[in-house]
Amino acid sequence: MKPIKALFVMSVRQALPLRRTIMLSLIQLAPVGIFTLSTANRIEEAALDALVGVAATVLFALTVPVVAIVLGSSSLGVERRDQTLSFVVLRPIRRTTFAATKILAATLAATAINMVGALSLGLAFTIRFGDPLVVWGLVVGVSAATSIYVSATVPLGFLTDRAVIIAMAFLLVFENGAALVLTGLATLSPWRLGVSAFADIVDGAASTAQNYLGALDISWSRTVLIAIVTFGLATMLTAQMLRRRDLA
Amino acid sequence: MTLDPAFVEEPTIEVIGASKWYGQKVAVSKLSCSFGPGVTGLLGPNGAGKTTLLRMISGLTSVSHGSVSVLGRDPRRHHDVFRSVTLVPDEDAVYGAMTGREFVKYSSDLSNSPTALLVDEVLELVEMSEPAGRVIGGYSKGMRQRIKVAAALVTDPKVLILDEPLNGTDPIQRGHLIDLFERLGNDGRTLIVSSHVLEEVERVSDRVVAIVDGRLAAAGSVEAIRASMNDIPYVVMINTDRPRELGAALFESPAAVGVEIRDGGLRITTDDITTLGRDTPRVAEAVQARITAFRPLDQSLESVFRYLVERS
């Protein structure tokens, strides 16, 4: 366990340098700021609609993916760029264990930052309107969406230096563009899976949330299952690439 | 039976007909050799394929054809090999934000070797105890090299592969590292030390494997390689105030194969540069010529090696 623990701690540390952590955490305060401004004089029912709207369009569709994409892409990408990959790979650690540890560490780091957004937004609602399930719903939804984005971008970051650009293009062009028009594509959108989990947990959020979900059904359990499957697939894919490709 | 000098009797690393190509470019071509306990110098000019060979041995790079085994196993398939094998790459494979001590400790933790050495002990060995508390980002090239060596040594490897480990080190540090490599080799570890500088390799190791253009150029003791290189025809340029007289006199010397007057100087072809160097001042004195320069042309390591490859 000692090598895995060392790798995990180092990977989290690499993912969260102070300046980057502060900057990304500040970005995470955007949803709560917008929510507070937009609900100054609202009653609880209208506030819940506003919460779902802000959560879906700002937190889930923008700030959560940005953080997850940046941290996921850099997990192996930075090791490759800094030529430290050989230092960690030439160790008696199985490639699968190595890949799983790197993805898990990046997921934990990204989730920690994204929790700033989820908790601040959830607590702002709960303190004013008193529904603690909102916090729980946001925590589950954000964690699952973060995990899916990170799992997808870690192998991408290993493959190419342009992982962030590719993933951002997917987010902006496909998820926030094409999937809005062609609602059937919404099932392939990780942030919508997060909204789906959130709306399933929070009473009264489903009807508003459905406006953002297209053809996607509301279900927290399916979202969590997809997050777990994506993690497994990403681990296997990354391990396979580490085995097959010549390493820098 | 005489063993081919490219091979050793008790190999820990065996390279059999190994080739590596990247598209049309051949980096290593049908290379066969082996390495055993002690220090072996891997010599070759820049771009000869040394790094590719070392990366194939360490499992970082796949072998396009042939095979490589380390301690009897394929390093690409058996990650357990890395309990006993460590690579010190040429590039700065270090974490700039870590302190030297953290880096060496991280290396120790990652390997989890039961025989891992103490971090402080290893830092002492490479004389990095004092700067070990500072971040690696602020280290000089020589300090980075030494901290990489420390990170490798802390895992107590049986096989240590060092790619140009003396690059960027000052003469004193170089001397200390060479002594350290010698001690490690005498302990029965297998060390491969690559370099493009013959004198460096000569100081580090008794046995040399020389490669050029991805092919084995020569192998064996340093003395044998040196002897091969003494046979190489050199071209020497001599600047003098009396080129005709000196040229005619030197032509009588058995060391001079050809003499030309060019650009106001003498261009001598010789197959025995030592004798020519000894004879020239005496001959110059006899013909009252003043020599202002005596410099071998085309004596780069590349040209020497290319000659060895063509001859082999």
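This is a predicted model: local features need pLDDT of at least 70, side-chain atom pairs count only at pLDDT 80 or more; totals for chains, interfaces and linings use all residues.
If you want one pair to look for on screen, take B:Leu87, whose bridge partner in E6 is B:Ile161.

Now zoom out to the sheet around them. Six strands of chain B form an open sheet in the order E5-E6-E7-E3-E8-E9, and the pairing is mixed. Which strands are at the edges? They are E5 and strand E9, residues 215–221 of chain B, and each of them pairs on one side only. From one strand to the next, the twist averages 15°.

Chain B also has an open sheet of three strands, ordered E2-E1-E4, with antiparallel pairing. Strand E2 (25–35) and strand E4 (65–70) of chain B each have a single partner strand, so each has one side without a neighbour in the sheet. Neighbouring strands here are turned against each other by 25° on average, ignoring direction. Strand E1, residues 13–22 of chain B, and E2 are joined antiparallel over seven bridges, and B:Glu14 has B:Ser34 in E2 as its bridge partner. Lying across E1, E2 and E4 is helix H1 of chain B, residues 50–58, which runs at about 120° to E1.

On to chain A. How many helices and strands does chain A have? There are 11 helices and zero strands. The C-alpha trace of chain A spans about 60 × 35 × 30 Å along its principal axes. The radius of gyration of chain A is 18 Å, close to the 18 Å that the globule rule gives for 248 residues, so chain A is as compact as a globular protein of that length. Buried residues account for 52% of those 248 residues. If we take the contacts in chain A between residues at least 6 apart in sequence, 80% of them join residues at least 24 apart.

Let's talk about the cores. The largest nonpolar core has 154 residues, and the members that touch the most others are A:Ala55 and B:Ala150. Helix H4 of chain A, residues 44–81, gives this core its largest share, 17 residues. Apart from that core lies another one, of 14 residues, including B:Leu250, B:Val259, B:Val283 and B:Ala289. As general background, nonpolar side chains tend to be buried together in soluble globular proteins.

What does A:Ala55 touch? Leaving out residues up to four places away in sequence, A:Ala55 touches A:Pro31, A:Phe60, A:Leu121, A:Leu138 and A:Phe198.

Last stop, the place where the chains meet. Here 17 residues of chain A are in contact with 22 residues of chain B. On the chain A side, helix H1 (2–15) and helix H5 (85–89) each supply at least two residues. H1 of chain A gives the largest share of that side, five residues. By residue type, the chain A side divides into 10 nonpolar, three polar and four charged.

Conventions: Residues are numbered from 1 along each chain as its sequence is written. Chains are lettered from A and ligands numbered from 1 in the order in which they are written. A nonpolar core is a set of buried Ala, Val, Leu, Ile, Met, Phe, Trp, Tyr and Cys residues joined through C-beta atoms within 7 Å. A residue is buried if 20 or more other C-beta atoms lie within 10 Å of its own, exposed if 12 or fewer, and partly exposed in between; C-beta atoms are placed from the backbone. Helices (H or I, at least four residues) and strands (E, at least two) are DSSP runs, numbered from the N terminus. Two residues are in contact if their C-beta atoms, placed from the backbone, lie within 7 Å. Two strands pair if DSSP finds at least two bridges between them. Ala, Val, Leu, Ile, Met, Phe, Trp, Tyr, Cys and Pro count as nonpolar, Asp, Glu, Lys and Arg as charged, and the others, Gly among them, as polar. Axes are lines fitted to C-alpha atoms, for helices over the stretch in contact, and angles run from 0 to 180 degrees between N-to-C directions. The radius of gyration is taken over C-alpha atoms; the globule rule is 2.2 Å times the number of residues to the power 0.38.
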